Amino acid sequence: MEKTVEYGKPEYFENRELSWIKFDRRVLNEARDKTIPLLERLKFISITSSNLDEFFMVRVASLRDMQHAGVKKADIAGMDATKQLEHINQDTRELVNLQYSTYNRSLLPLLNQENIYIIDAYEKLTEEQAAFVDDYFENEVYPVLTPMAVDSSRPFPLIRNKSLNIAAIIESTGGGLLAHKESEEEDEEDVQVHEEPQEGAKEKKHKKKKKDAGSHKPEFATVQVPSGLARLVPVPSKNPEEKIFILLEQVIEKNIDKLFSNYKVVCAYPYRIMRNADFSIDEDEAPDLLKEIQKQLKKRQWGEVIRLEVEEGIDRKLLDFLIEELHIENEKDIFYIAGPLDFTFLMKMYGLDGCDHLRYEPHKPQPVPEIMQGENIFEAIQNGDILLHHPYQSFEPVIELIKQAANDPQVLAIKMTLYRVSGHSPIIASLAQAAENGKQVTVLVELKARFDEENNIVWAKKLEQAGCHVIYGIVGLKTHSKIALVVRREEEGICRYVHLGTGNYNDSTAKLYTDCGVLTCAETIGEDATAVFNMLSGYSEPLSWNSLAVAPIWLRKKFLKLIHRETKNAKNGKPAYIRAKMNSLCDQEMIEALYEASTAGVRIQLLVRGICCLKTGIKGVSENIHVRSIVGNFLEHSRIFDFCNDGHEEVYMGSADWMPRNLDRRVEIVFPVLDEELKKKALHILDVEFEDNVKAHVLQQDGTYEKIDKRGKVLINSQEIFSKEAELLVPKMEKAYQERVFVPAESEN
């Protein structure tokens with residue numbers, strides 16, 4: 001009798017949040033890699049910081065809410081909110097310590113070797129440089145600052161989320177408004193004393209001493225470091241080869257006494273807070289979703305403080321003041337920082353002039369072989385399905401599809417979903433143009449895309465003003481799918497052109513994120529695309545689908561069916577394997593299905609960039625599962641799924657990760673790669689990435705990630721290989737195009 005294995009034991013799963021911290025650690029490892037150019041390493045330090053900010057504002061905040069609500073429910077790894085927060089605090093501190101150790105001990109000395117200096121103390125400036133910085137303060141900084149004293153008549157101000165601030169202890173030296181205020185208080189006291197003749201001379205003398213002492217009692221003040229000014233202030237040097245910078249907060253600290261005349265500044269230290277930025281909306285009760293989200297965005301600035309960053313060595317009295325005013329309940333929420341607060345400023349150093357040798361060569365996305373510049377994109381798609389691989393290949397065909405559709409008299413309608421778009425999106429401009437040209441334009445703008453809500457509200461309003469039909473999705477669900485549909489009248493009748501992708505319609509991130517997409521006019525895909533938009537804009541749901549798998553309707557069932565088929569084939573002695581690439585894997589049911597498949601003998605290879613709650617190497621459970629994560633110059637964002645199917649491979653791509661939110665709470669689309677040539681290209685992507693031994697980290701049995709030992713091996717950097725392959729295709733493409741266009745006319749003879 002076959003032994004039943006229980007795959008749902010908590011010890012078989014990694015906690016989601018702790019797995020995420022391990023991912024940020026892998027990002028930090030790139031900053032520690034000595035083979036990477038120096039400014040690229042600084043960039044990874046910056047990314048680590050911005051990642052950590054968002055993690056606290058959303059994930060830690062959510063756990064804090066659960067803790068306040070008394071929720072005791074454990075996660076798949078058997079940890080409740082309190083236990084998770086304890087582990088997160090410990091692991092985060094280790095990460096931050098490593099981050100600052102890397103910066104202080106490794107990166108700063110290397111910058112100095114390149115004659116680049118970030119001055120951490122005024123004393124290191126020459127007299128001329130100090131005079132320059134003081135002059136910069138007087139002319140550029142001082143007019144912008146708003147010092148805020150805190151007393152009985154001036155309460156502690158709202159400190160904005162993620163803003164950098166300086167807190168100070170100040171003591172009055174007499175004069176000014178304070179002297180006038182004290183004079184009024186003295187008059188009041190004289191009246192009170194006159195009204196109380198019973199009080200003796202001794203008591204009067206004691207009261208006067210107390211008042212005199214009070215005139216020098218410490219008071220508190222705070223000033224926000226203006227975000228509108230550059231954080232890195234360039235300082236001139238007599239040596240033309242030197243690049244010297246001082247941080248804006250140090251300039252303000254040094255000159256802070258000028259903000260508080262008639263006060264002595266006892267001490268001043270920078271601080272920064274992270275607030276709970278996670279909000280939920282009862283969409284059933286919200287009469288206007290757009291207005292409700294606008295209202296909730298304002299509340300973000302008032303969210304509970306969940307992390308306070310202060311400079312190491314801060315005065316205890318000043319810290320106690322901040323703890324009280326910011327309502328910090330637990331000192332575990334305080335991070336003492338051994339260096340500059342908020343490393344995101346380091347991203348600004350990436351573009352330093354004259355430092356090309358400290359960066360990778362700029363990457364230029366290559367043209368897509370099947371589409372020549374200026375070519376009619378509809379004719380190109382008619383020639384066959386086209387696979388797009390960004391950022392190695394240009395995002396231009398997607399932009400061109402919407403642009404040509406907007407101006408093509410044969411195009412009747414354009415429909416697409418927008419989750420995150422760039423600041424000056426050419427796609428938005430084309431959609432607006434299409435509406436003005438009288439075409440039916442329907443756009444789903446996802447207002448609930450976290451931290452892009454404001455941006456998306458702006459675009460939604462602009463599209464509506466242009467005459468587009470804008471919808472905000474389905475109640476209770478985020479629309480995360482990436483789909484565009486162009487309906488065109490042709491000689492043969494109506495033809496539907498569809499773009500399906502793994503990434504957002506964002507021309508900026510398309511240069512930084514690895515994503516895949518397919519352009520097709522296949523009839524079955526077109527019918528499904530129409531059904532998707534009818535479902536999003538109305539209430540109609542098709543009884544069946546031709547090719548697309550849509551969440552939350554039946555995508556989970558589709559994936560489980562595919563995994564169970566491999567399990568069955570393995571048990572029957574047939575070839576069976578699963579290869580899957582995604583951003584995150586944390587769905588318990590999916591992981592248990594993979595464990596069952598592994599136990600049956602299915603070979604499973606997973607590329608999981610970020611969170612992975614699956615554990616490898618568990619005896620009798622996950623010995624056939626291999627997990628790796630690639631962290632490189634581009635952010636790995638594509639989702640590709642490959643199932644053996646007894647030798648008849650099925651390949652899928654899409655917008656969904658194997659997470660509960662993607663499978664159950666979002667509108668997602670996963671599509672099959674039907675064309676055999678495109679399938680080969682998709683499998684090639686997986687082949688190369690599973691061979692990567694430069695940027696890949698492999699998940700170990702103990703839950704740690706380690707890079708592959710490269711000694712004696714041919715180096716395989718998948719991102720570099722794809723870049724070179726895209727470049728090599730260009731001359732071949734041009735030759736093929738020349739042959740296609742300039743075919744010699746047939747001789748009359």
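These are my notebook entries on one predicted chain.

**Confidence**

I began with the pLDDT, since the model is predicted. The chain averages 89. I found that 87% of the residues score at least 70. Residues 189-215 are one of them. Beyond near neighbours in sequence, I count 9 contacts in the model for this stretch. Residues 744-749 also fall below 50.

**Whole chain**

I went on to the overall make-up. The chain holds 19 helices and 27 strands. Of its 749 residues, 53% are buried. For contacts, I took pairs of residues at least 6 apart in sequence. Of these contacts, 76% join residues at least 24 apart.

**Helix α2**

Helix α2 covers residues 38-68, which is 31 residues. What span should I expect? At 1.5 Å a residue, α2 should span 45 Å.

Where does α2 bend? The bend is at Phe56, by about 35 degrees.

Last, I checked what comes after the helix. Gly70 follows α2. The phi of Gly70 is positive, near 75 degrees.

Technical notes:
Residues numbered from 1 in each chain as written. Predicted model: local features only at pLDDT ≥ 70, side-chain atom pairs only at ≥ 80, totals over all residues. Heavy atoms only, no water. Helix = DSSP H or I, 4+ residues; strand = E, 2+ residues; numbered from the N terminus. Expected span 1.5 Å × (residues − 1). Bend = angle between axes of the 7 residues up to and from the residue. pLDDT = per-residue confidence, 0-100. Contact = heavy atoms within 4.5 Å. Buried < 20%, exposed > 50% of the residue type's maximum accessible area, 1.4 Å probe, protein only.
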